[in-house]
Amino acid sequence: MAAIAAATTAFTSLHLTRSIPYTRRHIHTLITSSSTKFNITFAPPKPKPDPKPDPVIPINTNPSSDAELGEQLYIPWIVRDENGNLTLQSTPPARLLHEMANAKTSKKKKKGKEVGSKAAAVVPTAEPKHSKAARRFYNENLRDPPQRLSKVLAAAGVASRRSSEELIFQGRVTVNGSVCKTPQTKVDPARDVIYVNGNRLPKKLPSKIYLALNKPKGYICSSGEKETKSVMSLFDDFIKSWDKRHPGEPKPRLFTVGRLDVATTGLIIVTNDGEFAHKISHPSSNLSKEYIATIDGEVHKQHLIAISEGTVIEDVHCTPDSVELLPRQPDLPRPRLRIVVHEGRNHEVRELVKNAGLQLRALKRIRIGGFRLPVDLALGKHVELNQGNLKALGWKS
C-alpha cells in the first residue's frame with residue numbers, strides 16, 4: 001500500500017507538456033528513480049506435495065492396433081484375466097458384447113401410460129354384499145354357536161349320536177391336529193379342522209331336513225346297516241338326488257323322531273336335526289299323538305271305560321287323553337277306536353287295548369301335535385314339512 005501511495009505522489013508531481021504513452025517499463029523506471037526506497041519482500045510459495053505414482057498395470061499393446069487407431073478416441077478397458085490379473089485392452093470384453101447382442105430393447109413408456117397400465121392391471125374386487133357392521137351383527141347374534149363334537153359328527157352324517165361318542169372315545173377323531181376324546185368339546189365346523197378315521201369332515205354342514213313319512217307295515221324305525229327293511233331305505237331316491245338339489249353340501253344323515261313298532265303304520269317324522277328331534281320326542285313337549293286302532297270283534301262301553309282308566313307300563317300308570325268309538329263305515333266292517341295319548345311310552349296304545357280285553361287288528365298314527373298326516377299321502381311316501389307344519393309341531397326354528 002505504501003508503494004502505491006508513493007507512485008501516486010510521483011505522478012501528480014510531474015508536469016507533462018505533452019501526452020506521452022507510458023508503458024509498464026516506464027512506470028517501473030519512474031518508481032525506481034524516485035528517491036524514496038522501499039523494502040518489499042514476499043513469503044516463499046508453499047511447496048506442493050509430490051504426486052503418488054500411478055499403479056503399473058500391464059498393458060497388452062499391439063502395434064498393429066495402435067497404428068489402426070491413429071488419431072481416433074482411445075477408450076481403455078480394464079479387464080481381469082483368467083489368472084486374476086488386471087489387464088488393459090482397447091476393445092470391450094467378449095462377454096459384454098455377447099450380452100449386448102442378446103439384450104432385448106424396449107421402448108421407454110411414458111409416466112402417464114405406465115400409471116394407466118398399472119391401473120388396468122389391477123383386478124377390481126367385488127364389493128362386499130354386507131357392511132362390516134352387518135357382518136359383525138350376524139356373527140355375534142345369528143351365527144350358529146359352537147356345538148358339541150358328537151353332535152357335529154351326527155349332523156354331518158358320520159354316525160348316530162351314540163356311535164359318534166364311541167368313535168371319539170376310541171381316539172379316532174382329531175380336532176385341529178390333536179386327538180380329542182371328549183364328546184362335549186365345543187367345535188365349529190367352519191373354522192376347526194376335524195378328521196374322522198383319516199377323512200376330513202366338510203366345513204359346511206348339510207341343510208336341515210324335516211320330512212313326514214307314511215310308514216308302511218313291516219318296516220322298523222332304525223338306521224342300522226344290519227337292518228334289511230328299515231324306513232331309511234324308503235329315502236334312497238331322496239339321498240341320490242341330494243347333490244342335484246343341494247350342490248356342494250354333504251349328504252345328510254336322516255333318522256326318525258321317536259319310533260313306531262314294526263306292525264304300526266302311519267305318521268313318523270324323519271329329520272337330520274338332533275335338537276329338533278330331542279325337542280319333539282321329549283315328554284316335556286306335551287305333544288299329543290292320535291292313533292286309529294282297528295279291533296277284531298265288538299267294542300262295548302265297558303271296554304271304553306277300561307281303556308280310559310289306563311294301565312301300568314314300566315311301573316308308571318298311563319292314562320290316555322281321550323278314547324272314542326268311531327262310527328261304522330260301509331267299506332270298513334271292523335270297529336275302530338280313536339285313542340289320544342301324550343306320554344308316548346313304548347307300546348302304550350297296544351297295552352291299553354290289551355288291558356281292556358280287546359284284540360288289536362291294526363294300529364295307525366295319524367297326528368302328532370297340530371300336524372296331521374295328509375290323507376292323500378300313500379304308504380311309503382314322504383312330504384317335506386314347511387314352517388307352518390313345524391310350528392304346528394311346536395318347533396320354532
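In this predicted model, Thr311 touches Val316, His317, Cys318, Glu351, Leu352 and Asn355, leaving out residues up to four places away in sequence. Thr311 belongs to strand β13, which covers residues 311-313. The chain has 397 residues, of which 28% are buried, and its secondary structure comes to 14 helices and 19 strands. Its mean pLDDT is 78, with 72% of the residues reaching 70 or more.

**Confidence and overall organisation**

- The pLDDT is below 50 over residues 10-20, a stretch that has 4 contacts in the model beyond near neighbours in sequence.
- Residues 22-35 also have a pLDDT below 50, and this stretch has 8 contacts beyond near neighbours in sequence.
- Where pLDDT is low, the predicted coordinates should not be read in detail.
- Among the contacts in the chain with a separation of 6 or more, 59% are between residues 24 or more positions apart.

**Surroundings of Thr311**

- Thr311 has a relative accessibility of 12% and therefore counts as buried, the cut-off being under 20%.
- Cys318, one of the residues that Thr311 touches, is likewise buried, with a relative accessible area of 0%.

**Cysteines**

- A search of the whole structure finds 0 disulfides.
- A disulfide is a covalent bond between the sulfur atoms of two cysteines.
- Cys180 counts as buried because its relative accessibility, 10%, is under the 20% cut-off.

**An open antiparallel sheet**

- Four strands form an open sheet in the order β5-β4-β7-β8, and their pairing is antiparallel.
- The edges of this sheet are β5 (178-179) and β8 (199-200), each of which pairs on one side only.
- Strand β7, made of residues 194-196, runs antiparallel to β8 and is joined to it by 2 bridges.
- Val196 has Asn199 of β8 as its bridge partner.
- Strands of a sheet pair through backbone hydrogen bonds, either parallel or antiparallel.

**Loop residue Pro183**

- Pro183 lies in the loop between β5 and β6, the latter strand covering residues 186-187.
- With a relative accessibility of 4%, Pro183 falls under the 20% cut-off and so counts as buried.
- Apart from neighbours within four places in sequence, the contacts of Pro183 are Arg148, Leu149, Ser150, Glu165, Ile168 and Phe169.
- The C-alpha atoms of Pro183 and Val152 are separated by 9.8 Å, and the two residues are 31 residues apart along the chain.

**Aromatic pairs and cluster**

- The whole structure contains 3 aromatic pairs.
- One of them joins Phe276 and Trp395 in an edge-to-face arrangement, at 5.4 Å centre to centre and with 80 degrees between the planes.
- This pair links distant parts of the chain: Phe276 is in helix α11 (residues 274-281), whereas Trp395 is in the segment after α14 (387-392), 119 residues apart.
- Phe276 is buried at 0% relative accessibility, and Trp395 is buried with a relative accessible area of 13%.
- Tyr210, Phe276 and Trp395 are linked into a cluster by ring pairs.

**Charges over rings**

- The charged end of Lys229 is placed over the ring of Tyr219, at 5.2 Å from the ring centre.
- Over the face of Phe238 lies Arg245, which is 4.3 Å from the centre of that ring.

- Most residues other than glycine have a negative phi, and most peptide bonds are trans.
- Asn286, although not a glycine, has a positive phi of about 55 degrees.
- Asn286 is located in the loop between α11 and β12 (289-296), and it counts as exposed because its relative accessible area of 55% is over the 50% cut-off.
- His347 is not a glycine either, and its phi is positive at about 55 degrees.
- The loop between β16 (336-341) and α13 (348-355) holds His347.
- The relative accessible area of His347 is 35%, so this residue is partly exposed, a class that lies between the 20% and 50% cut-offs.

Key. Residues numbered from 1 in each chain as written. Predicted model: local features only at pLDDT ≥ 70, side-chain atom pairs only at ≥ 80, totals over all residues. Heavy atoms only, no water. Disulfide = S-S within 2.5 Å. Buried < 20%, exposed > 50% of the residue type's maximum accessible area, 1.4 Å probe, protein only. Pairing = 2+ DSSP bridges. Phe/Tyr/Trp six-rings, centres within 6.5 Å; stacked < 30°, edge-to-face > 60°. Lys NZ or Arg CZ within 6 Å of the ring centre and 35° of its normal. Contact = heavy atoms within 4.5 Å. pLDDT = per-residue confidence, 0-100.
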